[in-house]
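Hi there,

Here is the structure I promised to pass on to you. Have a look at it first, and my notes follow below.

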Amino acid sequence: MSRSGASPQSPEIERLLALDKAHAWHPYTATIDRDPVYPVRAAQGCVLELMDGRRLIDGMASWWCVIHGYNHPVLNQAAREQLEQMAHVMFGGLTHAPAIELVERLVRITPEPLQQVFLCDSGSVAVEVAMKMALQYQQAIGERKRVRFLTVRSGYHGDTFHAMSVCDPVTGMHQLFNQVLPQQFFAPAPAPGFGEPCTEADIADIQRLIETHRDEIAAVILEPIVQGAGGMRFYSAEYLQRVRALCDEFGVLLIADEIATGFGRTGRLFACEHAGISPDIMTLGKALTGGYLTSAATLATEQVAETISRAKPGVFMHGPTFMGNPLACAIANASIDLLLEASPGSSGQGWQANIARIERALAAGLAPCRDLPGVAEVRVLGAIGVVEMTQPVAMRGIQRRFVERGVWVRPFGRLVYLMPPFVISDAELQGLTTAVGDVLSSAIASRRVNSASKRVCSCSGVCACPCWNS
Ligand SMILES: *Cc1c(COP(=O)(O)O)cnc(C)c1O
């Protein structure tokens, strides 16, 4: 990447930012009193280059997606080659090599019973598709009253309506829509942490819910092992095994939402593997195309697919315009092959060794944060590192400090977390973890007089109160 180009005061940057401010509605934001946004010119490997020439180490992998880093020559080549053939063609009545190669790969690398792949366009749609499959399945076996879903609190499954209905009702950002959302069953978030056993008490609530409402529940839906945007929690593999057993006992389907966890992020190719279980339906998205294009997939067992297909109306009722987009499929194939080959930085020992390397660096680098005031917990699993604060962080102030420190980290709520591209170097990892420690401790050191109470704020400088935002 060239470092030349727009200077901080460049009229071109100002023009673009003015237009952005006037017309671009960013995720989960208002159109007035806007949070600052940082214009990116290019990205390479694990570095984002802003239009003003500043370079940021990327700690987010653009929300779990960019596992191979930005501007990867192999993925670029796959995109170019497919572009020369066709960018898109409808999937109704037609098929093509990129989609066929992709469904073959997905069936090969996911747990064995998953045999049928429905390609779709985004994670939320994959969740909608999974839930519709569960409903059609229960209809097909004559369980017509099984039209509701059971999930655990602290989950996140997307922003469309049925996906919203199974997000955490409090932290899930969707209380606003409670009046129109289908009402689902919620068990408490899994209590035992990753690596811990699951006691009878830990499973009692979800067991009682399944037993009591077995005639109403079509499926249990949850994120296996790692709950992402709903709280960045890591939970016991035994808990997941117990839920699988309960689903089997009561004829309820299990949907594993692997949209965030899939493709190696947790140290296993799919998080279900930590528990050695296989769901009836699995959703994939995010890292599927290495972050190049929006694409997702819903996988079902032969039994689920066949049961749906044998019953009236004899088809599965879904079909997005852009399903199986050839460009996305070609890049996904290249991305999966890249992952399964030895990843760069792993000294040729395969992707597992590389994730283990990232896990060690995150654990060592974030450990000092444990001693900071205002920090509730530090936890690491695979290529995910989380610093949980006792109070919500003030996004605006803390985001600016991270950018000033040369890293891209975007906290939410009480969570400051890292999920870097897998190609990240040891030096870049150290840059990220020291920045997290430095920014959190400087925020704490510079706590200010609360403009409302006129006292030194007790918020440790990292909350969302006016003292930090001023
Ligand atoms: C991101 C996410 C989704 C939604 O995916 P989109 O592509 O944003 O629609 C669903 N489930 C989980 C677990 C996710 O992390």
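The shell around the ligand divides into three nonpolar, five polar and three charged residues; here Ala, Val, Leu, Ile, Met, Phe, Trp, Tyr, Cys and Pro count as nonpolar, Asp, Glu, Lys and Arg as charged, and the others, Gly among them, as polar. Please keep in mind that this is a predicted model, where local features need pLDDT of at least 70 and side-chain atom pairs count only at pLDDT 80 or more, while totals for chains, interfaces and linings use all residues. Residues are numbered from 1 along each chain as its sequence is written, and side-chain values use heavy atoms, with hydrogens and water left out.

Among the residues around the ligand are Ser122, Tyr156, His157 and Glu223, each with a heavy atom within 4 Å of it. Polar contacts (N or O atoms within 3.5 Å) include one from a polar side-chain atom of Lys286, 2.6 Å from a ligand oxygen. Asp257 places a polar side-chain atom 2.7 Å from a ligand nitrogen. A backbone N or O atom of Gly123 lies 2.9 Å from a ligand oxygen. Of the 380 Å² that the ligand exposes when taken alone, the protein buries 82% (Shrake-Rupley method, 1.4 Å probe).

There is also an open sheet of four strands, ordered E1-E2-E3-E15, with mixed pairing; strands are DSSP runs of at least two residues, numbered from the N terminus, and two of them pair if DSSP finds at least two bridges between them. Its edge strands are E1 (40-44) and E15 (407-408). In the antiparallel pair of E2 (residues 47-50) and E3 (residues 55-58) there are three bridges, and Leu48 has Leu56 as its bridge partner in E3.

Best wishes

Technical notes
Polar contact = N/O pair within 3.5 Å; in protein donor to acceptor, adjacent residues only side chain to side chain.
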